[in-house]
Amino acid sequence: MKLTIIGTGYVGLSTGTCFADMGHTVCCYDYDQNKIDRLNNNERVIFEPYLFEMIESNKNDYRLGFTSSLDEAIDADIFFICVGTPSSEDGSANLEYVIEAAKQLGKNAKRDFTVVNKSTVPIGTGDLVKETISEELRKRDSSIKFGVISNPEFLKQGSAVNDFLRPDRIVVGYETEEAKEQMIELYRSFTLHHHKIIFMSIRSAEMTKYVSNSMLATKISFMNEISNICELLKADVEDVRRGVGSDERIGYSFTYPGCGYGGSCFPKDVEALIYLAEQNGFDPQILKSVKQRNFNQKKLLFKKLSKSLNNEVKDKSIAVWGLSFKPETDDMREAPSITLVKEIIEAGGTVKAYDPAAMEVSRKYFDKEVYDNGSLELVGNPYTAAENADALVLVTEWKVFRNPDFALLKSLMKKPVIIDGRNQYTRTNMENQGFVYEGMGK
Ligand SMILES: NC(=O)c1ccc[n+]([C@@H]2O[C@H](COP(=O)([O-])OP(=O)(O)OC[C@H]3O[C@@H](n4cnc5c(N)ncnc54)[C@H](O)[C@@H]3O)[C@@H](O)[C@H]2O)c1
């Protein structure tokens, strides 16, 4: 089967590469010429562990190619739509890229095909894609037949390759038996050990993705709320987390308190589900609280920082460790670091920041002015960030920040103050080493 991936971002690039690695012939299409040129020059357009080694080997074996030419991309049996679905101003998912992709297919397809939607989309988008393609085919009097599938993606940035190759489950929303059989065949090599495909209607598959992300976001916001209550009641949320997570009905995953969730998925998907519920006359109280808690949680780091500096952030130099929304990615969409850095600068402080992967990406998240006037400086390693700092804030729990040389750190900082937004350190250890320490919920 010849596959074309439409949209070569985090999801498209991982999807295309992993299918190629399973022996399929894959064309990754993106209308971003610069991205395609860079991929054809073997450049690493995103930070994603193991992905680029796989891209190289599959390119060398002629199973994987990159193009910005629709003429080349259109020669396929199955098309995967992997374009972005960002939030619109009103919170709804912006479907312009999905519709554009569907139009491109309807206008240009040369033979019967299947279109598989991997983008996270509102319930009913499968019908919209179908209507859009049909309309374009009608305009050119074409008798080409096509099927629509919903196959939401559950990979996590930072472990995309492993998640794709070894998925917990593969959700497939379908209408016809023919399309269902095609999906079974396509994913055969991923399901050799045990059957992992869960079949359902297209609408249920679309809903499943929103519910997964909203459930995970709810767990995070719930634990963040508990963490704030623990602080007031002088309980240690880390002990509470262990005590609670040991109940197998609850489990440990996504029970880590922190400074809020970010990324391209949880914030926009919670937002989109709120919108969908409200549009249908339902008040989604839990989802709205999840969103609000996360908004407040992102602001907590600055509050803790400010308090530890006696509310005098002006003219203070703050070291920030970690900019990406989570470790092992360069993605900064909706990252808590953005909120923190902006608040420090607004309060008249300056920031020296270090991140193992997001330094280049971070440039587009802050005004050029803050770099030009020295309010924000990106530095080459964690210790340089700490030089003469009045406080250090750990925002993203990259491994490199787990066991720093605390003696060196203390000798470099003007004041030994650490705000630990991810509970990577223990208060006793920090205080024994002479630091003023503030964690989350401790
Ligand atoms: N990032 C994740 O971890 C993740 C995980 C699961 C699902 N998703 C969902 O997958 C979708 C894609 O997310 P992403 O993070 O990969 O997005 P992204 O922004 O990284 O990539 C989207 C790509 O699509 C391209 N594009 C847009 N319209 C196009 C068109 N008509 N023709 C060709 N190319 C086009 C863009 O140039 C861009 O390169 C979203 O709906 C997202 O919610 C993302």
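Student: Which residues of α11 does α9 meet?

Tutor: This is a predicted model. On the α9 side, the contact is made by Met-207, Lys-209, Tyr-210, Asn-213, Ser-214, Leu-216, Ala-217 and Ile-220. By class, the residues of this contact of α9 with α11 are ten nonpolar, two polar and two charged. The partners in α11 are Phe-266, Asp-269, Val-270, Ala-272, Leu-273 and Leu-276.

Student: How are α9 and α11 oriented to each other?

Tutor: Helix α9 spans residues 202-233 and helix α11 residues 266-279, and their axes come within 9 Å. The axes cross at roughly 115 degrees, and the crossing is left-handed. Angles of 65 to 115 degrees count as roughly perpendicular. The two helices, α9 and α11, are therefore roughly perpendicular.

Student: Is Lys-209 buried or exposed?

Tutor: Lys-209 lies in helix α9. Residues up to four places away in sequence aside, Lys-209 touches Thr-120, Pro-152, Glu-153, Phe-154 and Asp-269. A residue under 20% relative accessible area counts as buried. With a relative accessible area of 5%, Lys-209 is buried.

Student: How far apart in space are Lys-209 and Asp-269?

Tutor: Lys-209 in α9 and Asp-269 in α11 both belong to the contact between these helices. In sequence they are 60 residues apart. From C-alpha to C-alpha, the distance between Lys-209 and Asp-269 is 8.7 Å.

Student: What is the orientation of α9 and α10 to each other?

Tutor: Helix α10 covers residues 237-245, and its axis is 9 Å from that of α9, at an angle of about 130 degrees. α9 passes α10 in a right-handed crossing. Met-223, Ile-226, Ser-227 and Cys-230 in α9 meet Val-237, Val-240 and Arg-241 in α10, a contact with five nonpolar residues, one polar and one charged. As for orientation, α9 and α10 are therefore oblique.

Student: Within what arc do the buried residues of α10 fall?

Tutor: The buried residues in α10 are Val-237, Glu-238, Arg-241 and Gly-245. They line one face of the helix, so that, seen down the axis of α10, they fall within an arc of 105 degrees.

Student: What arc do the buried residues of α8 cover around its axis?

Tutor: In helix α8, residues 177-186, the buried residues are Ala-179, Lys-180, Gln-182, Met-183 and Leu-186. These residues are on the same side of α8, because around the axis they cover an arc of only 160 degrees.

Key:
Residues are numbered from 1 along each chain as its sequence is written. This is a predicted model: local features need pLDDT of at least 70, side-chain atom pairs count only at pLDDT 80 or more; totals for chains, interfaces and linings use all residues. Side-chain values use heavy atoms; hydrogens and water are left out. Axes are lines fitted to C-alpha atoms, for helices over the stretch in contact, and angles run from 0 to 180 degrees between N-to-C directions. Helices (H or I, at least four residues) and strands (E, at least two) are DSSP runs, numbered from the N terminus. Angles under 35 degrees count as roughly parallel, over 145 as roughly antiparallel, 65 to 115 as roughly perpendicular and the rest as oblique. A crossing is left-handed if the near helix is turned anticlockwise from the far one by less than a right angle, and right-handed if clockwise. Contact means heavy atoms within 4.5 Å. Ala, Val, Leu, Ile, Met, Phe, Trp, Tyr, Cys and Pro count as nonpolar, Asp, Glu, Lys and Arg as charged, and the others, Gly among them, as polar. Buried means under 20% relative accessible area, exposed over 50%, partly exposed in between (1.4 Å probe, protein chains only). The arc is that of the directions from the helix axis to the C-beta atoms.
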